Amino acid sequence: MEKEYIMELKNISKSFPGVQALNNVSMQFERGKVHALVGENGAGKSTLMKIIMGLYRADQGQIFIKGEKFVGSSVIHSLQAGVKMIHQELNFIPFMSVAENIFLGHEPCNNFLGVVSKKKLLKETKKLLDRVNLDVNPNLPMRDLTVAERQMVEIAKSVSFGADIIIMDEPTSAISETEVKRLFEIIEELKRKGVAIIYISHKLDEVYQISDSISVLRDGNYIATFKTAEIEQDKLIKAMVGRELENIYPDKRAKIGEEMLKIENLSKDNVFTDISFSVNKGEILGVAGMMGSGRTEVMNCIFGLDKYDSGQIYIRGENVSISNPNKAIQKGIGMVHEDRKETGLILGLSVKENITLSNLDKIFSGQIINKQKENIYVDDIVEKLSIKTPHRDQQVKFLSGGNQQKIVIGRILLDQADIIILDEPTRGIDVGAKTEIYKLIVDLAAQGKAIIMVSSEMNELIGMSDRIIILREGHKVGELDKANISQEKIIRRALLN
Amino acid sequence: MNKKLLIERNQYKNKNVLQKYGLLFVFLFLCLILSLSTPNFLKLSNIINIFRSISIISILAFGATFVVLTGGIDLSLGSVVALTGVIAASLAHPNTYPLIVPIIAGIFVGVLIGLFIGVIVAYGRVPPFIATLGVMTAARGGALIIAKGRPILDLSSSFSFIGGGEIFGLPFPVIITLFVFLLVLFVLSKTKFGRYVYAIGGNEEASRAAGIKVNIITIMVYIICSGLAGLAGIIQTSRIAVGQPSIGQGYEMDAITAVVIGGVSLSGGRGSVVGTILGSLIIGVLNNGLDLLNVSSYWQSVVKGLIIIGAVLLDRKKKN
């Protein structure tokens, strides 16, 4: 019966120090079907995919691809077997052109000498880009493309490998709605050609839209596989989380107080112009905007990570100039960055070291770090935020996204920041961890913190914010108060045209 | 549940032990082989000899540990040894200045060079490789200018004590090395500064975003590294009792070798000075053992090179 499936996983187990990442997982994948894989962060999805890709070796279990036992120990083996993964964090060589990136490792050659044929390269690339409906110049260096375009190039690349199993890890985390539509069209086309797609996503509405079946992993265990048409979302979430979720967005009871932060006519050439807004004590200010709207850039300028050209920043009515993050932190601003791996965390350092990174000066007056004292602070944060880690000395790179995000938030808590900027605080985080983070944010507001929350998820903004400002192409194009906040249409229109 | 957590913690610790001591096993294995193949190896006088021979390289390697931990590299060490050495020597003739003057001058010049490199790297955004390559050439020239191209002879006997003297049978350079080691160990593992050094090497952007004054820490790191090179220059000059502008060639590579054998990642953020001292011990023991075994110096280089690669390979294997 094995022949029916294009790929079959049998009893896969894998453990890391202190963590049983996968426990006896078995699954089957069919040709021409989109098989979604869902589960909370830390459920083992990424580990499982890395085993299929030959990046990790399973402690136990077997993989069969097209009926044959697969014993790959590197990405090359899995590529040869027809498996291609499109990573959440894209891998590409920024200074090489689109065409060179697509054919990296299998450049078309004219003759036995291995001289790359530029003409063929360009022609083939054009063909592939047409197939995914992407209109970019194949000669452009990869770094000049937008994130969405890069994603499309990556898909073109997997087509060029002739892959018949394509793994997509959070493929829509960085692209706009129109681009998602285009991606789905391509997926449909790939399906018709008999390609099996493993679709990993936290966005359940997308999973429902595109997948044929859904498998759920939880804490490294295989829970079940459902036909997408037959499983209700509530039941699916219950399977993922292992319990019923109450309201995703907690009730807010914070009293909104005096003004904490005011931005006046903040401008940066070619990036954003005349941005003004304010945020008050106990308030959650939502910032809506697509990628490229200038939302992250504005926040980085407020936090001193980037320089603005003109405009004023007032904290508690006092005009301040913030030239670097150190000053921002001293002024009581804390920021959770959009990209926690690049700007938020130091992955090679421990949970402890990451939490206390910016507040050692507050905890210890001299140069010497007293480890016992530090541990007390850290344990307090780990407990308060229920960060799941085997030990406070565990390197943060081994933790799941949700727990990593909590560490960044924990750092801000220790800083006792009273203006908190959250840039995409729940990106790449599962439903369960999301609700925990929402609750945390609401708690912080209730404690009188002023909160700015940037997000590209409409529901999140509507569910969480007291007020929303809308940015588009570097301009503020709207502001909605409490009464109008639930009018999703207004926001959508403002964002899109 | 509690019990499970406890087990996980122990597993976590065990793995660390293996990682930490892999290099120690390499070192002990090497010692075992040498003590079996040559009877003189384990004699006290020989062991002291080994320690003396590695003291200069160790001090340089301690400084380089800071730099490499931040993800940088310092190619100027050998030249700085020569420059600070001749400056100290020129101030160390008998009956001129008190002993403290050449010492302070040597270290101070080292500190200044470190400040220069640090500013160029941190604010000028010049890659450390290039900045220190330039300084390497310039400092060598400076040493030749000050010494007028000739060795500086006639140094005071008190100055010679620094590199040649003994206290309780222990060579003074060994005592200095031990002292510096303990100091560096303390700074890297117990202070905020040390924590920030690791943080910057791990992720500079995230460190900046966490409010760490990355530029200032970077400058400090190069000051420490070059300042220690100044100290090494004084010791070396004192030991040979001549201000020699041509000394120290290739020392930077020996120091970096010790650091890398010691398991400090060249991309920064990982490693410890305990590894560094093990690294220079491995080099010292190798040199000494091959001498005792009467291996020709040509072959010594070949064997040393291969063993260095082997040691690092073994260490990496253990970590995976």
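Predicted model: local features only at pLDDT ≥ 70, side-chain atom pairs only at ≥ 80, totals over all residues.
Setting aside neighbours within four places in sequence, B:Leu60 is in contact with B:Leu77, B:Val81, B:Ala229, B:Ala232, B:Tyr251 and B:Ala255. Now zoom out to the largest nonpolar core, which has 137 residues. Within it, B:Leu60 and A:Ile355 are the two that touch the most other members. Helix H2 of chain B, residues 44–69, supplies the largest share of this core, at 13 residues. There's also a second, separate core of 47 residues, and A:Leu121, A:Leu129, A:Val132 and A:Val180 are among its members.

Stay in chain B for a moment and look at B:Ser226, which sits in helix H10 (residues 214–240). Is B:Ser226 buried or exposed? Its relative accessible area is 0%, and anything under 20% counts as buried, so B:Ser226 is buried. As for what's around it, once the neighbours within four places in sequence are left out, B:Ser226 is in contact with B:Asp74, B:Val80, B:Gly110, B:Ile113, B:Gly114 and B:Ile117.

Over in chain A, take a look at a pair of helices: H5 (residues 147–160) and H6 (residues 177–192). Their axes come within 11 Å and cross at roughly 5°. Angles under 35 degrees count as roughly parallel, so that is how H5(A) and H6(A) run relative to each other. On the H5(A) side, the contact is made by A:Ala148, A:Met152, A:Ile155 and A:Val159. H6(A) brings A:Glu179, A:Arg182, A:Leu183, A:Ile186 and A:Leu190. Sort the residues of this contact by class and you get 7 nonpolar, 2 charged and no polar ones.

Note on methods. Residues numbered from 1 in each chain as written. Chains lettered and ligands numbered in written order. Heavy atoms only, no water. Axes fitted to C-alpha atoms, helices over the stretch in contact; angles between N-to-C directions. Helix = DSSP H or I, 4+ residues; strand = E, 2+ residues; numbered from the N terminus. Parallel < 35°, antiparallel > 145°, perpendicular 65-115°, else oblique. Contact = heavy atoms within 4.5 Å. Nonpolar A, V, L, I, M, F, W, Y, C, P; charged D, E, K, R; others polar. Buried < 20%, exposed > 50% of the residue type's maximum accessible area, 1.4 Å probe, protein only. Core = buried A, V, L, I, M, F, W, Y, C linked by side-chain atoms within 4.5 Å.
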